[in-house]
Amino acid sequence: MASESFVIKVPSSSANIGPGFDVIGLALSVYLELHVTIDRSKPEPSKLPLNCRITYEGQGEGSPDISLDPSSNLITRVALYVLRCHGQRTFPAETHVHIVNPIPLGRGLGSSGSAVVAGVMLGHEVGHLQLDLDRLFDFCLMIERHPDNVGASLYGGFVGTYLRPLKPEDVQRIEIPLSEVLPAPAGGVDTGETPPEPPYGIGHHIKFPWATEIKAVAIIPDFQVPTHLARSVLPPHYSRPDVTFNMQRIALLPVALGTSPPDPELIHLAMQDKVHQPYRQTLIPGLGEVVQSMSPSSQPGFLGVCLSGAGPTILALATGHFDEIAERIIKILKAANPKEIDCQWRVLEPADGAQVIRR
Ligand SMILES: Nc1ncnc2c1ncn2[C@@H]1O[C@H](COP(=O)(O)OP(=O)(O)OP(=O)(O)O)[C@@H](O)[C@H]1O
Ligand SMILES: N[C@@H](CCO)C(=O)O
């Protein structure tokens, strides 16, 4: 086949959905796309570094976060990791990856998870690797080590994810620093070593039903909260009452969000959290006030509200009155923020999982 072209389409995601920290994920209808063309007719060796050329449009365009160097860009580094685990050091022939990314970075809409899933699928497709989705999930988890965002973006829908108990040697493998998993960034030397393959069957998922009346209103502030920072403010240990509080609610959450017609009071209660949101309020001023002040009895259409992933995006679930809900939350966030902030908002739907569309 002289040349190939295909599109990899990966949904964004909102993780946790309140009490489901590192467990629950919801794929959402904003999509990262990779438009890939592979020209196998070009003479060897290619003049392109790693045989790959990146072009990019969308969120973060031109920022240091989004490198056009294939040895530095997160998506192509992940693809090279997958290829090198299968004996292929570079992209197989002149490959052009045009990235179209409407997912805001560092906002809690799973941009990094979508990028990791896209990179794993890119490596899989260009390397003709014939792996199943569950094996691709293992590769995703070697990079993004909490399963909720990547599980939702890979499989789609409203999912519960979990890691199986790993053997000690496998725990060691999954904790290998990213610098030893991903290829050396720009200027680094390709040591020729095969990177550590993921253990088999690290992560698992289960899809939950979703009541179609429920829409997701994402209120997206114009500042970033890096996930690693939002995880660093969490305590190492929790009290039994707080653990029980979250366990009671996470047990209700899938049923509450899958039951039609939705029960507003049940959903509002099921979305409460004591494991991550209380500690992240320092990073997202106004989060506490939003959670405390919004309720089904005080707002028509409103069901429940939570921090989307590690934030700062706020996710409100509702059956209507979306503009009123968004405006109320934006007003609270603006009043609570010492700095002048702006917020966009969008009504999103649950999305199907990652897919490859061959042209
Ligand atoms: N399309 C992309 N291409 C390359 N790098 C990306 C892309 N999307 C995200 N990233 C990398 O991921 C970082 C954002 O990841 P981070 O986990 O902090 O936030 P998030 O994934 O957007 O939100 P959350 O994890 O809370 O849902 C960006 O700063 C960038 O380094
Ligand atoms: N469960 C992760 C999701 C990050 O998007 C966290 O809250 O840190």
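The questions and answers below go through a predicted model, taking up a sheet, a ligand site, a recorded domain and some backbone features.

Q: What is the order of the strands in the open sheet of four strands?
A: The edge strands are β8, at 302-307, and β10, at 343-348, each of which pairs on one side only. The pairing in this open sheet is antiparallel, and the twist averages 20° from one strand to the next. Read across the sheet, the order is β8-β9-β7-β10.

Q: Which residue is the bridge partner of A218 in β9?
A: Strand β7 covers residues 215-221 and strand β9 covers residues 314-318, and these two pair in the antiparallel sense over five bridges. In β9, the partner that A218 bridges to is L315.

Q: Which helix lies across β7, β8, β9 and β10?
A: The helix in question spans residues 322-336 and runs at about 30° to β7. With β7, β8, β9 and β10 all lying under its course, the helix is α12.

Q: How much of the accessible area of ligand 2 does the protein cover?
A: The residues that surround ligand 2 include N16, D22, H146, D148, R231, R280 and G309. A nitrogen atom of the ligand is 2.7 Å from an N or O atom in the side chain of D148, while an oxygen atom of the ligand is 2.8 Å from an N or O atom in the side chain of R231, and an oxygen atom is also 2.8 Å from such an atom in the side chain of R280. Of the 260 Å² of accessible area that ligand 2 has on its own, the protein covers 98%.

Q: How far apart are the end C-alpha atoms of residues 73-157?
A: UniProt, in an unreviewed entry, places the feature "domain: GHMP kinase N-terminal" at residues 73-157. In the model this span is 55% helix and 9% strand, and its end C-alpha atoms lie apart by 27 Å.

Q: Which residue is joined to P312 by a cis peptide bond?
A: Most peptide bonds are trans. P312 lies in the loop between β8 and β9, and omega for the cis bond there is about 5°. The residue joined to P312 by this bond is G311.

Q: In which loop is P261 found?
A: A cis peptide bond, with omega of about -5°, joins S260 and P261. Helix α8 covers 240-258 and helix α9 covers 264-270, and P261 is found in the loop between α8 and α9.

Q: What is the phi of I17?
A: Most residues other than glycine have a negative phi. I17 has its place in the loop between β1, at 3-16, and β2, at 20-39. Although I17 is not a glycine, its phi is positive, at about 50°.

Terms used
Residues numbered from 1 in each chain as written. Chains lettered and ligands numbered in written order. Predicted model: local features only at pLDDT ≥ 70, side-chain atom pairs only at ≥ 80, totals over all residues. Heavy atoms only, no water. Pairing = 2+ DSSP bridges. Axes fitted to C-alpha atoms, helices over the stretch in contact; angles between N-to-C directions. Contact = heavy atoms within 4.5 Å. Near = heavy atom within 4 Å. Polar contact = N/O pair within 3.5 Å; in protein donor to acceptor, adjacent residues only side chain to side chain. Areas by Shrake-Rupley, 256 points an atom, 1.4 Å probe, with all protein chains shown as cover. UniProt positions renumbered as here; feature names shortened; annotations may be inferred.
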